[in-house]
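Welcome! Take a moment to look at the sequence and the model before reading on.

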Amino acid sequence: MTQRITAWSEIDNGLVPVDEGELFYETAGSGPAVVLLHGGMLDQHMWDEQFIWLVNSGLRAIRYDSRGHGLSSTVTGDYANHDDLCALLDALDVPSAVLVGLSHGARVALDTALAHPDRVTALALASPGISGRAFTDPFILAHIKEQVAAIGAPDGAERYVEHFLRMWVDGPHREPSAVHPGFRERMRASAAANVEVHADGMGAGMPLEVGAAGRLGEIRVPTVVFDGDLDSGDISANAHAIALTVPGARRVRIPGAAHMVNLENTPLFDHELHAFLSSLDY
């Protein structure tokens, strides 16, 4: 099934088998491969704004729903996101790719760079999570506690999603009323759909990770990290750790944005990402 993106390029999509499941992906364009990895509780459509210009920049853009998200399989047991990503690259005949990840997607990108370094050309990490680093921000910990309390309650799904929005859309420095209502609704709808479709997978298995927090100095690919000035202190600390520890890494602070930097300050994010990708020796 294809969909036209420009006069000369089409979007292909499909399903790739992985251990006890399958991943839904979309790809378009030709040239060096760039894989977009979405945040937790969201799906590949959080990259709609970037997907088209990446293709029109002469790159092969690939995006997919990670296990337990979007149109990919619900979790049934333990799994490794970094191995899932390599299975996708194998199926699409991509030897290595630039990984562009936000939040949980950045966490997966870092794990992949450590577990499968030959598959990663460069890293662009937005609002990064890091496996092996615990949350410490009281704002985040309080909302996680409320999320756990919501599980199983009659209005639990709605409350669970609202706490997700408070943490990862509004952030600790503003009230929901200060966030663009259309943007907040887009994120709510995506998270709510994800919770509904994949509810059976909650607690069914755990992602196996590599503990990147103690291994950042091993990364040897060009790296840029983005973080918003309205995001949680945990994310700022993660961005700082990456910039400090990954050799040659550069940090870009995105003003006027909380966690979803690619959607809240899209012009600046796109400009900086394009500059980074243009600087690479593929």
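Two residues are in contact when they have heavy atoms within 4.5 Å of each other. In this protein, 71% of the contacts with a separation of 6 or more are between residues 24 or more positions apart.

A word on where the values come from. This is a predicted model, in which local features need pLDDT of at least 70 and side-chain atom pairs count only at pLDDT 80 or more, while totals for chains, interfaces and linings use all residues. Residues are numbered from 1 along each chain as its sequence is written, and side-chain values use heavy atoms, with hydrogens and water left out.

## The overall build

The protein has nine helices and nine strands. Both are DSSP runs numbered from the N terminus: helices are H or I with at least four residues, and strands are E with at least two. Along the principal axes, the C-alpha atoms fill a box of roughly 50 × 40 × 40 Å.

The radius of gyration is taken over C-alpha atoms, and the globule rule is 2.2 Å times the number of residues to the power 0.38. For 282 residues, a compact globule would have a value near 19 Å, and the 18 Å of the protein agrees with that.

How much of the protein is buried? Of its 282 residues, 56% count as buried. Here, buried means under 20% relative accessible area, exposed means over 50%, and partly exposed lies in between (1.4 Å probe, protein chains only). The accessible surface comes to about 11800 Å², and 54% of that belongs to carbon and sulfur atoms. Accessible areas come from the Shrake-Rupley method with a 1.4 Å probe, and for residues only the protein chains shown count as cover.

## Empty spaces

Rolling a probe the size of a water molecule over the atoms shows where empty space is left. On a 1 Å grid over the protein atoms alone, a cavity is a set of points where a 1.4 Å probe fits but cannot get out, and a pocket is an open set with protein on both sides within 12 Å along at least five of seven lines; lining residues have an atom within 4 Å of a point. Grid points are joined across faces, edges and corners, and a volume is the space filled by probe spheres set on the points.

The largest pocket holds about 1400 Å³ of space. It is lined by 47 residues, and the closest to its centre are Gly 40, Met 41, His 69, His 104 and Tyr 160. Among the elements giving two or more residues to this lining are helix 3 (104-115), helix 5 (156-170) and helix 7 (233-245).

The search also finds two cavities of 30 Å³ or more. The table sets out the lining classes of the three spaces; Ala, Val, Leu, Ile, Met, Phe, Trp, Tyr, Cys and Pro count as nonpolar, Asp, Glu, Lys and Arg as charged, and the others, Gly among them, as polar.

| Space | Volume | Lining residues by class |
|---|---|---|
| Largest pocket | about 1400 Å³ | 24 nonpolar, 18 polar, five charged |
| Largest cavity | about 50 Å³ | four nonpolar, five polar, no charged |
| Second largest cavity | about 30 Å³ | three nonpolar, two polar, two charged |

Which element gives the most to the lining of the largest cavity? Helix 3 does, with three residues. The lining of the largest cavity includes Asn 81, His 104 and Val 108. Asn 81 and Val 108 also line the second largest cavity, together with others including Asp 111 and Glu 209. Helix 2 (81-91) and helix 3 each supply at least two residues there.

Gly 39 sits in the loop between strand 4 and helix 1 (48-56). Is Gly 39 buried or exposed? Gly 39 is buried, because its relative accessible area is 2%. Beyond its neighbours within four places in sequence, Gly 39 is in contact with residues including Met 46, His 69 and His 104.

Arg 133 lies in the loop between strand 7 (120-126) and helix 4. With a relative accessible area of 33%, Arg 133 is partly exposed. Arg 133 and Ala 213 are 80 residues apart along the chain, yet their C-alpha atoms are separated by 5.9 Å.

Glu 20 and Asp 93 are not glycines, but Glu 20 has a positive phi of about 60 degrees and Asp 93 one of about 55 degrees. Glu 20 is in the loop between strand 2 (10-18) and strand 3 (21-28), and counts as exposed at 58% relative accessibility. Asp 93 is in the loop between helix 2 and strand 6 (97-102), and counts as exposed at 66%.
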